[in-house]
Amino acid sequence: MRLVETGNHVAAWGARMARAEVVSAYPITPQTQVIEEISRFIDEGEMDCEYIPVESEHSAMAAMIGSAAMGVRSFSATSAHGLLYMHELLHWAAGIRLPMVMVNVNRALGPGWNIWCDHQDTIAARDTGWIQLYCASHQEILDTTIQAYRISEDLKVILPVMVCYDAIFLSHNYMQVEIPDQEVVDRFLPPFRSLWKLDLDYPFTHGSVIYPDDYEEVRYSMFQALDNSRKVIRTAAEEYRDIVGNYHGDLIETYRMEGAESALVAMGSIASEAKMAVDMLRDAGYPCGLVRVRSYRPFPIEELRTLLAPLRAVLVIDRGVSFGMEGPMYSEVKAVIYGRSDAEVYDIVTGLGGRDVTYELIFDNAEAALKGKLEQKTSWPAVSLNEHHRISKKGLEEYWKKEGVK
Amino acid sequence: MRLRDFPEDEVFLQGSAACQGCPGSAAIRVAFKALGRNTILAVIASCTSVFQSPFPLSALDVPTINMAFATGGAVASGITAAADRLVAQGVFDEKPTILAWAGDGGTYDIGIQALSGAAERNTDFIYVCYNNEAYSNTGTQRSGATPYAAWTTNTTKGKEEWRKDIAQIMIAHGVPYVATASLAYPTDMFRKFAKAKEIRGTRYIEIQAPCPPGWKFPSSYTIKIARMAVQTGMWMLYEYEEGKTTYTAGTKRIIQGQSKLKPVEEYLKEQGRFRHLFYPERDEETIKEIQDRMTHIFENLQFTHKMKEHIMEIELAPPH
Amino acid sequence: MPKRRKKEEEEEIGFVTTLSVPSEGSVGLTGSWRVFIPVLDEEKCNKCLLCWIYCPEACISKDIKINYDYCKGCGICAEECPRKAVTMIKEEKG
């Protein structure tokens, strides 16, 4: 069935096709249409599901952990401050070793209130143990949400999966999507599986006190599971392609990497802009390609190492920043090719707070890098003071004058 | 219901990490005698998280999930929704009881949001607050449930505020069942749990849990202190359903005049956390403040009770 | 301290999470915590069951047999017994 829909509504379709049975979520711009559409599906009898209108995101994740612990397929959706509010429980959800899927609409963090796109929210959650998959199109949102359950419930994984997509560009814009038939999806996605649950016939106690002598193994098991998930992400993508028909890459997606001497590395919808920049660079005589990072956790170590190490130059586009260090993907790309490459690696942090990133900007920075005009460090190419900043600063300067601040 | 009719089955397995005289383990024993094994338990960060013993053995013989501090009402919301799905799927013939078990910290303070949200949605579960009137698990810091004038590690001169009353807040949510209970009145507690088990929607039961190390009394006095709390009015036993509050057990006897309200001093004197009201010299003003409040509350209740009886007499008098 | 095998002898860790199994004596033989031990005078006992229901450790059976492996000696049974059938005695430890 072909639809023209927003990314948020498509995410709701993903939960519906995956047969999620409990949804617990709290509204936050720009995610609200996900839960509104799910509520509509339920109210109109099109989805057999319990929706819990929890009173906060922290409670949304607590409820999700509760329902997953009972052995029921669970779904949630959030963004930005909602994701941050539940941060404590993100760690808990991964550590409790239960399968579940949540979509996160990547939105900037306050203060000030900014409902537009950047990746800071999910980047800040990268150490929680969640698998993170980033989408660049509406079709990918649908397909990845369904694949996410297959990955999460794989017995070698049993970890929660976050499906991330950009605020407004993907959440609110309309694109054409193909919704597969339910029976086709059912062939791809088996019924809910897990390795433990709250079972009346076999009582376990989960999560009591654990001493230093015992704790590390629990964390190592998680670490191994994330490692195992690499193969499962690949398998899930391939099986999905074979059974349902669409393919968006596995841990990465590449564009014109054949014969490339340099590459752009990007994540999310910004990678679509970067594809246009690649075309422009190729036309200008630079054999350049693009690697879109689809799985940020587990980080595609082998894939990036193989593709990037032999290159002359790499430009990473970061839509988030690790204050006090660098663009986060910048550090990670350098880490995976360390000791095996002579490539020059460059980084631009841009697009924060939904600032539009044009393919011209990407082209200009890539060309500058290839011409040796850029330093090998995190640069912020689009930062400059405008009239709004000047008004604010003027007000502040007058206050400083009054206060005698030099 | 008499003690001899209580089931022998123990869900709480002896040899646990609980303190000597722990009111938490005593409470969970009685609760489960009434609720039985068809129960899913969520334990919210509290002493109970610890006394069930560390990994890899557990003193709790029911499916139990330990959860973070602020999550009581929320994790139960997820469990109960999933249980409804499992009933719909045919996995359960009979929906199990969903029980969230928290201390006063996880109920009065950090957990109040999730509890209120769950109650407002009339979530189908039983929420138990076993109230030891402080954050005992972290070493006895004050909570919203700590009574006026009580010592804690961060109210060393005695708490300056009167306590919150979450049971009353739950009544304000209009949930189907709210009750308070005491370890010293086990048949009353059992009856309340057994009743709660049969009701659907949000049920809230609060059990006063006198804590020997936190309140500073010998471990053999746990039940005695619980009894004195009721006898002095410092803990009131009642249940609320369908808009009506009924006082029970020891509290009822005081209101109806069968027992006399004992002076609060008898209760305060037994606990080290109120020692500063007596040594090095009596703090007459504070003791009187507490006593006056108890006296006032019970005089009102006793008056209302008498008025009801009086009205009954007038109504029943034959016309002549 | 749990025994730990040398690294080379280890098999794949696999799925390890904080799942505990219900067990009596979950923290060991807690009878060792005692300073005082409750002693029951069976002649005075009328099986009122108060000590049974009040014991925080569930180590008095319904037929009023105290399990000394786990009894922590809190003294509630002695304090609450209406017949004073239970006495707390300082325990001689060998």
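Predicted model: local features only at pLDDT ≥ 70, side-chain atom pairs only at ≥ 80, totals over all residues.

Student: Then which strand of chain C does β2(B) pair with?

Tutor: Pairing asks for at least two bridges, and 2 bridges join β2(B) to a parallel strand of chain C. One of the residue pairs there is Ser58(B) with Pro22(C). The partner strand is β1(C).

Student: How many residues of chain C are in contact with chain B?

Tutor: Contact here means C-beta atoms, placed from the backbone, within 7 Å. On the chain B side, 34 residues take part. From chain C, the number is 31 residues.

Student: And which element gives the largest share of that side of chain C?

Tutor: The elements giving two or more residues to it are β1 (19–22), α1 (50–54) and α2 (76–80) of chain C. The largest share is 4 residues. It comes from α2(C).

Student: Over to chain A. Which residue of β3(B) stands opposite Thr205(A)?

Tutor: Strand β9 (residues 205–206) of chain A is joined to β3(B) by 2 bridges, and the two run parallel. Thr205(A) stands opposite Thr64(B).

Student: Which element gives the most to the side of chain B that touches chain A?

Tutor: That contact takes 38 residues from chain B and 36 residues from chain A. β1 (39–44), α2 (47–51), β3 (64–67), α3 (72–89) and α5 (112–120) of chain B each give two or more. With 12 residues, the one that gives the most is α3(B).

Student: How many residues on that side of chain B are nonpolar?

Tutor: Set aside the 12 polar and 4 charged residues. The nonpolar ones number 22.

Student: Inside chain B, what is the bridge partner of Val43(B) in β3(B)?

Tutor: β1(B) and β3(B) run parallel and are joined by 4 bridges. For Val43(B), the partner in β3(B) is Asn66(B).

Student: So which strands stand at the edges of the whole sheet?

Tutor: The sheet is open, with 11 strands and mixed pairing, in the order β2(B)-β1(C)-β9(A)-β3(B)-β1(B)-β4(B)-β5(B)-β7(B)-β6(B)-β8(B)-β9(B). Each edge strand has a single partner, so one side of each is left without a neighbour in the sheet. Those strands are β2(B) and β9(B).

Student: Last one: at about what angle does helix α1 of chain B run to β5(B)?

Tutor: Helix α1 (residues 23–35) of chain B lies across β1, β4, β5 and β7 of chain B. Its angle to β5(B) is about 155°.

Note on methods: Residues numbered from 1 in each chain as written. Chains lettered and ligands numbered in written order. Contact = placed C-beta atoms within 7 Å. Nonpolar A, V, L, I, M, F, W, Y, C, P; charged D, E, K, R; others polar. Axes fitted to C-alpha atoms, helices over the stretch in contact; angles between N-to-C directions.
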